[in-house]
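Dear colleague,

Here is the structure I said I would pass on. My notes on it follow below.

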Amino acid sequence: MNTYLVPESLAVSDSGFLFLASTGETFTLNEIGKEIFKMLQGGDTREAIEQKVLELYDVERATFVRDFDDFINQLSSFKLIRTK
């Protein structure tokens, strides 16, 4: 079970605008990225996020896994999350 830590200094707006107060950096998420990021902030596990996304969107599991891994890698590279 994979869970993620989001810095407390990171805020996300309803429009998907991310602001990392500790560095002043800003980022923009698309709609699904914003939804997944909020699930990460809420402490949802990878498995819970996968289940929710597959229920809500018409997407194959393999596509979700590839895109989710890419998203997590991008967030990690910008130090916006850490894996527990």
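A contact here means heavy atoms within 4.5 Å, and helices (H or I, at least four residues) and strands (E, at least two) are DSSP runs numbered from the N terminus. This is a predicted model, in which local features need pLDDT of at least 70 and side-chain atom pairs count only at pLDDT 80 or more, while totals for chains, interfaces and linings use all residues. Residues are numbered from 1 along each chain as its sequence is written, and side-chain values use heavy atoms, with hydrogens and water left out.

Helix α2 first. Its buried residues (under 20% relative accessible area; exposed is over 50%, partly exposed in between; 1.4 Å probe, protein chains only) are Arg46, Ile49, Glu50 and Val53. Seen down the axis of α2, they fall within an arc of 100° (taken from the directions from the helix axis to the C-beta atoms), so they line one face of the helix. The elements covering them include β1 (4-5), α1 and α3.

Ile49 touches Ile36, Met39, Leu40, Asp44, Phe64 and Phe68, leaving aside residues up to four places away in sequence.

Last, Lys79 lies in the loop between α3 and β5 (82-83). Its phi is near 60°, a positive value in a residue other than glycine. Lys79 counts as exposed, at 65% relative accessibility.

Regards
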